[in-house]
Amino acid sequence: MTTTPTPATSNAKKAQDAAAPRPIPEFEGVHDVWPRGDRLRAVRSAAATYRERFVQQGRIHAVRSFDIAAAPYPTRFGFHGAALAVNPFVSIVNRMLVVQFDGFDGEPKTLVWEPTVAAGTAQAPFYAQLKRLAGDFLTEHVFARYYQDPNTVLPSCGLRPEDVDFVSFDHLHVQDVRMIMGSTSTIPGERAPREALFPRARLLVHRRELGTFESTHPMQWAWYVDGGMDGVLDERITAFDGDVELGVGVSLLWTPGHTDGNHSLVLNTPDGVWVSSENGISADNWQPELSHIPGVRRHATFYGREVVPNANTLEDSLDQYDSMVKEKTLADPSRRDPRWLQILPSSELAPFKRQWPVLPSFVHGGLNYGELTPAGGGR
């Protein structure tokens, strides 16, 4: 039997379609180009073409970043083994971004990017084993610092959890999604299932990242929280393929390599285009020719490379290289120092003196444009 949609359901479907992430045609097929040198040229060309259209669509209303925690990270991972270091561990600062923009349905939207819950990160095999080996004092008081939890950020800037429409991470390394999106099952050691931090929000995740969570390879295992998606309702998740636009001035670009389902946040702001990514942990990764970190510039010059990737997994190193070029092509020069591009590492290398000489040559430190307002607050 065929059911004829009523005008009300038809209008609701149109509204739902208008609010959904939409694919970016400029990148269609570029990640399949062969051979690999041609693929890199195709990625760079597509990024330049898309950038022209992206900036013409308009800007976001506001964005603010909030430091969540500083976590220990092996120095050799951060710069693909190129950095000459004394200390085997550096610290990286996890940041949460709150972004407000107009959706393509004309309605204001709020995206929370990287709301990492430290208690979940501690359960990832890498950090759980590191804590056992190094002890509580080193891992909790020397390498790590805690600034605030994601659920305290929104009240501090006048927003409510229910104001959030979307949640997303560049990938799901060290994330216990149950602690963020809620779950119908109880996390071992807890008394009741977790409630969602953002009760209306949907998790935007690349379909390949979901697949990795369902079946990890041994080369991926150390970085994913076992059972971290258990009991998370399907209705709380929007999986996407390829590259997508969320609304005016906001895109999620597929940047595979660090993980198969890695994606990067791209924002058009009053200072031009910013990219947020974990393909590097410092501006030095994307622009090694400017780096003061011993070994990094020489490594790039020796091998004839224009980027030095963050390399804790390297699921596909050539793809990650192409992805970093894609990010560089989108980003504008920094207004503070135009030698550097506006690529904000989602976990940025901290300038702690104990890490000498592995200190960032340039620190972005965060984003702050416009004024965040609650839903119905007059945007």
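**Ground rules.** I am working with a predicted model, where local features need pLDDT of at least 70, side-chain atom pairs count only at pLDDT 80 or more, and totals for chains, interfaces and linings use all residues. Residues are numbered from 1 along each chain as its sequence is written, and side-chain values use heavy atoms, with hydrogens and water left out.

**Entry 1: the cores.** I looked up nonpolar cores, meaning sets of buried Ala, Val, Leu, Ile, Met, Phe, Trp, Tyr and Cys residues joined through side-chain atoms within 4.5 Å; buried is under 20% relative accessible area with a 1.4 Å probe, protein chains only. The largest core has 57 residues, and Phe79, Val98, Val167, Phe198 and Trp223 touch the most other members. Among the elements supplying at least two residues each are strand 3 (89-102) and helix 5 (125-142). Strand 2 gives the most, six residues. Strands are DSSP runs of E, at least two residues, and helices are runs of H or I, at least four, numbered from the N terminus. I also found a second, separate core of 22 residues, including Trp286 and Ala331.

**Entry 2: Val98.** Which residues does valine 98 contact, leaving aside neighbours within four places in sequence? I noted Phe66, Leu111, Val153 and Leu372 among them, with contact meaning heavy atoms within 4.5 Å.

How values were computed: Buried means under 20% relative accessible area, exposed over 50%, partly exposed in between (1.4 Å probe, protein chains only).
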